[in-house]
2 protein chains.
Amino acid sequence: MASTADSTPAELTHDGPRLRVLIVDDHDVVHWGLRLMLGRQPWVRGCLHARSGEEAADLARRGSPHVALVDLFVGEESGPEICGRILEASPSTRVAFISGAGRISAAAARAAGARGFVPKDWPADRVATAVRALGAGRSVFPEATDAPAASLSPRERDVLELIATGATNAEIASSLHLSPHTVKEHASAVYRKLDVRNRAEAVQRAQRLGLVG
Amino acid sequence: MASTADSTPAELTHDGPRLRVLIVDDHDVVHWGLRLMLGRQPWVRGCLHARSGEEAADLARRGSPHVALVDLFVGEESGPEICGRILEASPSTRVAFISGAGRISAAAARAAGARGFVPKDWPADRVATAVRALGAGRSVFPEATDAPAASLSPRERDVLELIATGATNAEIASSLHLSPHTVKEHASAVYRKLDVRNRAEAVQRAQRLGLVG
DNA sequence: CCGTCCTCCCGCCGATCGGGGGGTGCGCCA
DNA sequence: TGGCGCACCCCCCGATCGGCGGGAGGACGG
């Protein structure tokens, strides 16, 4: 299991330079909120802000921020996608995802190259601690970010996403170029892993976990 | 259709006293964000902040804020519920709901006594304009806040909520003390009104619209 | 007063679901 | 080399879904 922000509380050493933080979110509220939360911390030097993946990559390249907080859904772009662009532009940046409703599995976040996940409902001090921990090189994942979601295979995710659109198994099959029977197997696997009984409940759970948009 | 914030742009007159604003949200990011957005406005006098319905009612009673921005989901409590408590404590307060993912129909918001709805993805200036408009006594509803959701009858909502839990029609029937056939009729009505084909898509849509938690 | 909407009940039917069984081939890792 | 998870295919079957037809009473407003 991942190390958590709480594992090393507030007594973090001043590990060198003050942190430059990049915030990537298209919501003004979040932008201002994080800026206010972090700007007051003495160990933060500057808060950059990007409203798109394009902007984020650009700012990352020019600013080389120590830490980047990336929303899971920025307009049409996905968090992992943007994470990749940031790392391409500035490989040393520690990226963490941040989101309100949605969740992302620790495994999926790591696969995208991220070092953490910060739920938006965390209190200010916890967010600050998390950012500081990221700057210090530690990973920050809340407990239970893993859980059932992580175990879904790529194919199962595909099927789940289409199920959420109301597609029938036959439609999913032709859409993914599969046999209807295969679709049912993937669907059944999804139900088993998410511990639900049918499509409706699966969609409900998936949205809570942030598996579908 | 409701009057929109844009209908009267930035040239709002200084209509008397500077506004006291109450923010009800359990997310720190939102709290700080709104505070920063609004605190810079010359026509705002103070930002109160509550993390629960209890606290909100208390602050409303003692502070009589001109405007209250209430999250749709504050912990276990619902926005409309909290709205009622605020209005009870301070009838002159103009309450608007604010939420990220979820939506609430203009009709439902009005039924709860609210005067507006502010999506969290609005830019700072738009939020500011909305709050100012609320303070001036106007309603603020974005277009398409109405739409299909408003037309759902109470019974249809009941059925929809249970559908989202993965319950079968038979289970819903016994749970609501109805005939399975009646449940199917309500379900069909839900599908028709939400313009979806089946349960899975209905759950997806319902969660996007904020009809189910 | 009549129309409209909501709520509730009945029968019928084809399409779909979800689970059961069987199997193949792939790559990874020990 | 064998195990294991993944992806894919086939069979069958009962339960469930979603829409079709019908009718009933009550509330509310023009």
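Chain A of this predicted model contains 9 helices and 7 strands. Of the 213 residues in chain A, 48% are buried. Chain A touches chain B, and residues of both chains lie near DNA strand C and DNA strand D.

**Chain A: fold and confidence**

- Among the contacts in chain A with a separation of 6 or more, 68% are between residues 24 or more positions apart.
- The mean pLDDT of chain A is 82, and 83% of the residues in chain A reach 70 or more.
- Residues 1-15 of chain A have a pLDDT below 50. Beyond near neighbours in sequence, this stretch has 21 contacts in the model.

**Contact between chains A and B**

- Chain A gives 29 residues to the contact, and chain B gives 29 residues.
- On the side of chain B that touches chain A, the elements giving two or more residues are α1 (28-39), α6 (154-164) and α9 (199-209) of chain B.
- α1(B) gives the largest share of that side, with 8 residues.
- Sorted by class, the side of chain B that touches chain A holds 14 nonpolar, 8 polar and 7 charged residues.

**Surface near DNA strand C**

- There are 19 residues around DNA strand C. A:Asn169, A:Asn198, B:Ser153, B:Arg155 and B:Ser179 come nearest.
- At least two residues of this surface come from each of α7 (169-176) and α8 of chain A, and from each of α6 and α8 of chain B.
- The largest share of the surface near DNA strand C is that of α8(A), with 4 residues.
- The class counts for the surface near DNA strand C are 5 nonpolar, 9 polar and 5 charged residues.

**Surface near DNA strand D**

- There are 18 residues around DNA strand D. A:Ser153, A:Arg155, A:Ser179, B:Asn169 and B:Asn198 come nearest.
- In chain A, α6 (154-164) and α8 (180-194) give two or more residues to the surface near DNA strand D.
- α8(B) supplies 4 residues, the largest share of the surface near DNA strand D.
- The surface near DNA strand D is made up of 5 nonpolar, 8 polar and 5 charged residues.

Note on methods
Residues are numbered from 1 along each chain as its sequence is written. Chains are lettered from A and ligands numbered from 1 in the order in which they are written. This is a predicted model: local features need pLDDT of at least 70, side-chain atom pairs count only at pLDDT 80 or more; totals for chains, interfaces and linings use all residues. Two residues are in contact if their C-beta atoms, placed from the backbone, lie within 7 Å. Ala, Val, Leu, Ile, Met, Phe, Trp, Tyr, Cys and Pro count as nonpolar, Asp, Glu, Lys and Arg as charged, and the others, Gly among them, as polar. A residue is buried if 20 or more other C-beta atoms lie within 10 Å of its own, exposed if 12 or fewer, and partly exposed in between; C-beta atoms are placed from the backbone. A residue is near a molecule or strand if its C-beta atom, placed from the backbone, lies within 6 Å of it. pLDDT is the predictor's confidence in each residue, from 0 to 100.
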